Amino acid sequence: MKLRKQVTVCGGAIFCVAVFSLYLMLDRVQHDPARRQSGGNFPRSQISVLQNRIEQLEQLLEENHQIISHIKDSVMELTDTGAVSPSGHLPFRSANGSWVLPFDGRPTFLAVKPQDCQFAAGSRGQADVQMLDVYSLLKFDNPDGGVWKQGFDITYEPEEWDNEPLQVFVVPHSHNDPGWIKTFDKYFTDQTQHILNNMVVKLAEDPRRKFIWSEISFFSKWWETADIHKQEAMRKLILGGQLEIVTGGWVMTDEANVHYFAMIDQLIEGHQWLERNLGITPRSGWAVDPFGHSATMPYLLKRANLTSMLIQRVHYSIKKHFASTRSLEFMWRQSWDTGSSTDIFCHMMPFYSYDVPHTCGPDPKICCQFDFKRLPGGRINCPWKVPPKTVVEANVAERAHLLLDQYRKKSKLYRSKVLLVPLGDDFRYDKALEWDQQYTNYQKLFDYMNSHPEMHVQAQFGTLSEYFNAVYKAHGAAQGSRPADYPVLSGDFFAYADREDHYWTGYFTSRPFYKSLDRVIESHLRGAEILYSLAVANARHAGMEGRYPVSDYALLVDARRSVGLFQHHDAITGTAKENVVIDYGTKLLRSLIGLKRVIINAAHFLVMKNKEFYRFYQTDILSGLSSPLPPPSATPPPSCASDCFFLLSTRYLVLFNPVEQERLCAVTVLVNTVRVRVLTEDGQTLPVQLSAQWSTASQMSFLCCTLSLILLVAPSTSFSVVLLDAKFLSSCFQPYNQKEPPVVRVVEGPLFSEVVAHYQHFHLVLYGFAFSGVDGLSIDITTMVDIRDQTNKELAMRMVTDIQSGDVFYTDLNGFQMQPRRHYLKLPLQANFYPMPSQAYIQDSHHRLTLHTAQSLGVTSLESGQLEVIMDRRLMQDDNRGLGQGLKDNKKTANRFRLLLERRSTGNKMMDSATNSFPSILSHMTNAFLNHEVLALPVLPKRRGIPPLQTFAPLKSILPCDFHLLNLRSIQSQQQDPHSPSPYTALILHRLVLDCGLEAQNLGFNCTTTQGQLNVSGLFKNLDLQLLQPMSLTLMHSSTPLANDSSISLDPMEISAFKLKLR
């Protein structure tokens, strides 16, 4: 009763304060002479302001009412269950046998503005071509098309170019994989450095010669080894327009398995290098080798201010269809775009490959004759048995007409009389001879064509942007805008097949160990970036710039580049040779160690109560970062006692929450005793659950036990300090079968319960939290998979439900957006798998079941109500795509998931549109919590004691819950050492879209939205904002700085970058 009275008094006080505030506001407005006008009337603007403030107060009153209701309900629950602890400690069992936890009755509210729900429910702009419709339309048959095997016979009338000659741009290029058959460094030593060295010499010999280059990882390595004369010669070629940098990312990224955080980060790293060293900004995107194309990539390129892009690896049936309708060039629009703001001009290459035999025209037998590296006597030849001929005066006419015929036929597939002809292949132009062979022979052909007006052609070497500019000019369109009558397309280009039923979908799962490692390091990179930026800014604010280790910036740069390198389309995909994969893994591991050092150093500085006592050499008060542990039963047993957190006396634990929202969660550490209690910074006891560590399926380990504690961690990269006290005594798609029954363990406790099933090739852990909040609303699933004794097998996990999903399911694209999928019986089994970087779901008019994942894997839905995920795959033979080996280096791998079941709100049975779907706020947070776990940093005991520590919370208030802090990235110095930071920081934000049609549970934190508005100057605690400047996504293009007290505004789904100066 006493508690009820307190709640009633508290609620009444809140209500009175709110009403009194409203009264004061009205009174102030009424008596303010400045607000009076002659005649005693308010101006309309003042009335509007007053109305807005009244609406805000009404919203606050509603939120207060929700809080009071939650408190009242919680008190009633406690009263009804007779939950009175005999000892006063939580958790404890109530009279009805259920566990009572300290946060069970914690009030939270959900205050999402109706306007912020409308985008998910609203209609979309129409596109001329929807890829879902194209998939439904096509038969996906493969009739013989003649010389163009996968296409059709192309004809033309000779006089078609009489009034408007054909413009041909031959674009030389060399595709350099940063790791595939050889490692990145081996490729550079053996081939890439020679390509770039030859480029400096050979392009300078004739100003008509052109070239394009994409991979900055290689280019930067060459630049660092080149002398000043080579650097100046290269800069001259670029500024003179002979060499164009296309896309400009650190790598040509994969587009299936990568997360959009890493896609953006590698693009920033490449663009920042270009800005610092060359002062150039890429204009056109070039992606000839990723195995299928995501709709996320055009959006990111558009936000980076690129105007055009090119793609190549698209299903041959789709290419044929687009060629027949002359739709190979289109404006690529996001399916959720209500207008045309996301449109970017895209060119799709029409034929089988990006090599020379498949780029000049439809007949590879003829095109191969114009790849002059294959001249007789060379190391490679033409498979069609007709070799190239050196162009001489006697044969130039015949050669020119033969080539022009191919050019004309290819041009018939496009809507303009401007033609793009790439001229290159993997690691081409590494010998000076090839530069001479290609450029000399082609220049003879061009000279002949251009000197004969009756041929009606103008041919030259060109860059990619020169081609795009000519297309825009031919249609009278501004650069990057839509030429008249060009189609608008929405959707993506998965799954890719290059021929017959050879679908490139296995790489969605290949080498899952490294896919999982990549995501762990990405989370650490994001956390380290944010903490480093905050630590440096707080050091500046405290006048301690010289005492904080800015040298850690070099560790950040190294990690950015290692993570960027792994986004390459032969790295994260798992499609490189075994020794190359080991090299990637070594680089990632080195980066992880560096990132942990950055986090530890930043944490040390930020949690010190008195910064005057901070000394960099004392950083070791925090020991090595304790990475988040999977559920206890999924954790391998400690190899020795040193893996445990030894509690011989009182120890401190610093916890880091990398998510921008407050979170109620369980944190797991290994301890060497069961005699332990955990206290908060202010001395309050936290609930804990001790669990056994298992050395085998049925035998416990006596070295350590697992301590799980539940606590509330403040939002956005904050630290909490807790005290641990040792003195307290209290794929063949056949069902998996094995001869022996599995060993099953069940553990039940106050914080979590788990079910563990041990099978021969995997063990499955289902882990359910007993407390409210995001973590308590889903099931944690961990599978430890080991198929190293299998031959040509894939292991799949299938979920079977009674959800009436039909043949439709949804997968995410790069963790950025959801894409509807459909299971097609007309396609083979392997064609129905899609990448799942972060989540997939099925739904009907009543329920949605979402599988969140902490690593990218392949997923499908083969029957209504089912989801099927490929966990690992093992292949004993090569797939005849150039690698030359199977996939036999499998590792024992833990795959982590969250399974979330949501119910559609009463009266809201609306299903998603055919082209769009969005997660709920609960689903967004579940994914964020899964992929960005709380990190634990043990504090090392010191002889002279530990300096006073305190919780560090950088935000004055929580972000709106539809804002995601994608990164807070220190920007490189432009003048000094490139491994040192500038005073500026990049704030990158993504505004999420929320599906409000699903029932909102108790999230464990207060959720409000602001219609996309955010006041940045009021965001960071104890820091002054001295600059707020909108930037392009990769920070190369700037807008006019805003007033420091300005609010920024983001549209739904928008990703925006801002340059900040914090002090």
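**Aromatic clusters and strand pairing in a predicted model**

One aromatic cluster is formed by Phe 211, Phe 370, Phe 372, Tyr 429, Trp 435, Tyr 439, Tyr 442, Phe 446 and Phe 461. The structure is a predicted model, in which local features need pLDDT of at least 70 and side-chain atom pairs count only at pLDDT 80 or more, whereas totals for chains, interfaces and linings use all residues. Residues are numbered from 1 along each chain as its sequence is written, and side-chain values use heavy atoms, with hydrogens and water left out.

The protein contains 18 helices and 44 strands, taken as DSSP runs numbered from the N terminus (helices: H or I, at least four residues; strands: E, at least two). Of its 1063 residues, 59% are buried; buried denotes under 20% relative accessible area, exposed over 50%, and partly exposed in between (1.4 Å probe, protein chains only).

Across the whole structure, 53 aromatic pairs were found. Rings of Phe, Tyr and Trp (its six-membered ring) pair if their centres lie within 6.5 Å, and planes under 30 degrees apart count as stacked, over 60 as edge-to-face and the rest as tilted. The rings of Phe 513 and Tyr 514 are paired edge-to-face, with 5.3 Å centre to centre and 85° between the planes. Phe 513 is partly exposed, at 32% relative accessibility, while Tyr 514 is buried, with a relative accessible area of 10%.

Charged groups also lie over aromatic rings, the criterion being NZ of Lys or CZ of Arg within 6 Å of the ring centre and within 35 degrees of the ring normal. The charged end of Lys 611 is placed over the ring of Phe 605, 5.5 Å from its centre. Lys 1059 is positioned over the face of Tyr 984, at 5.0 Å from the ring centre.

Gly 858 is located opposite Ile 870 in β35.

Strand β32 (residues 839-843) is largely enclosed by the rest of the structure, because 5 of its 5 residues are buried. In a regular strand, side chains alternate between the two faces of the sheet. Gln 839, Tyr 841 and Gln 843 point one way from β32, and Ala 840 and Ile 842 the other way. Strand β29 (residues 808-813) runs antiparallel to β32 and is joined to it by 2 bridges; Thr 811 has Ala 840 as its bridge partner in β32. β32 also pairs in the antiparallel sense with β33 (residues 847-853), over 5 bridges, and Gln 839 is partnered by His 852 in β33. A hairpin of 3 residues connects β32 to β33.

Gln 693 belongs to strand β21 (residues 688-694) and is buried, at 0% relative accessibility. The side chains of Gln 693 and Thr 706 are joined by a polar contact of 2.6 Å. Such a contact is a pair of N or O atoms within 3.5 Å; within protein, one must be able to donate a hydrogen and the other to accept it, and residues adjacent in sequence count only if both atoms are side-chain atoms.

Conventions: Two strands pair if DSSP finds at least two bridges between them.
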